[in-house]
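Visitor: Hi! Could you walk me through this one?
Guide: Happy to, here it is.

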Amino acid sequence: MVMLNKFKQTQEQLGGSNDVIDHWLDTRQTLVVEYCKHATSTALPSPTELQYFCQVLVDYISEGHFKIYEMVMDKWKATGFSPTDEINQTYGKIVLTTDPLLNFTDKYAEVDADDTLDTFDSDYSLIGEILETRFAVEDQLISLIAESLAVPPGA
């Protein structure tokens with residue numbers, strides 16, 4: 001699966017450089033594994049499996065927006081670093097992917113066994129594309145963050 005291979009490359013390139021980044025990558029790994037599990041299956045996920053995937057997706061989005069970015073901001077404050085325009089713009093691109101992902105969870109988190117999932121395959125495929133875009137932009141942000149945390153201001 002392409003998404004899993006890209007994740008492994010990102011983990012090799014950026015993992016181990018910082019505890020915040022490692023945590024972010026661990027959280028992403030859980031989401032990628034869950035996504036790939038259903039993307040490679042020929043059967044539709046059960047309502048329980050779909051609910052779990054939606055919860056993992058929401059957790060990932062929430063973690064990125066609230067926990068990870070706050071952790072980074074705290075580290076920056078401790079070193080006196082201020083986010084650059086490039087960092088802010090990159091983060092803004094990530095935010096643009098949030099609503100489509102949350103719309104998917106709104107649509108599928110509460111399905112039951114009687115629901116027909118006529119558009120699930122196309123919706124799931126679109127979610128995969130959005131996640132790949134989000135991950136690519138997050139990787140840019142992670143690189144910028146890693147660089148900013150590695151070099152103290154004024155060095």
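Visitor: How many cavities of 30 Å³ or more does the structure hold?
Guide: The structure holds 1 cavity of that size, 30 Å³ or more. A cavity here is a set of points on a 1 Å grid over the protein atoms alone where a 1.4 Å probe fits but cannot get out, and lining residues have an atom within 4 Å of a point. This is a predicted model, where local features need pLDDT of at least 70 and side-chain atom pairs pLDDT 80 or more, while totals for chains, interfaces and linings use all residues. Residues are numbered from 1 along each chain as its sequence is written, and side-chain values use heavy atoms, leaving out hydrogens and water.

Visitor: What volume does the largest cavity have?
Guide: About 40 Å³, taken as the space filled by probe spheres set on the points, which are joined across faces, edges and corners.

Visitor: And which residues line the largest cavity?
Guide: Trp24, Gly64, Tyr69, Tyr91, Ile94, Arg134, Glu138 and Leu141. Two or more of the lining residues come from each of α3 (47-79), α4 and α6 (120-150); helices are DSSP runs of H or I, at least four residues, numbered from the N terminus. α6 gives the most, with 3 residues.

Visitor: What's the lining like by class?
Guide: It has 5 nonpolar, 1 polar and 2 charged residues. Ala, Val, Leu, Ile, Met, Phe, Trp, Tyr, Cys and Pro count as nonpolar, Asp, Glu, Lys and Arg as charged, and the others, Gly among them, as polar.

Visitor: Glu138 is in that lining. Which residue forms a salt bridge with Glu138?
Guide: Arg28 does, with the closest N and O atoms 3.0 Å apart. Arg28 lies in helix α2 (residues 19-39) and Glu138 in helix α6, so the pair ties together parts that are 110 residues apart in sequence. A salt bridge means a side-chain nitrogen of Lys or Arg within 4 Å of a carboxyl oxygen of Asp or Glu, and the count comes to 5.

Visitor: Switching topic: are α3 and α4 roughly parallel or antiparallel?
Guide: They pack at about 170 degrees, with their axes 13 Å apart, and are therefore roughly antiparallel. Axes are lines fitted to C-alpha atoms, for helices over the stretch in contact, and angles run from 0 to 180 degrees between N-to-C directions. Under 35 degrees counts as roughly parallel, over 145 as roughly antiparallel, 65 to 115 as roughly perpendicular and the rest as oblique.

Visitor: Which residues meet there?
Guide: His65, Tyr69 and Trp76 in α3 meet Ile87, Asn88, Tyr91 and Val95 in α4, contact meaning heavy atoms within 4.5 Å.

Key: 1 Å grid on protein atoms, 1.4 Å probe; cavity = no way out; pocket = protein on both sides within 12 Å on 5 of 7 lines; lining within 4 Å.
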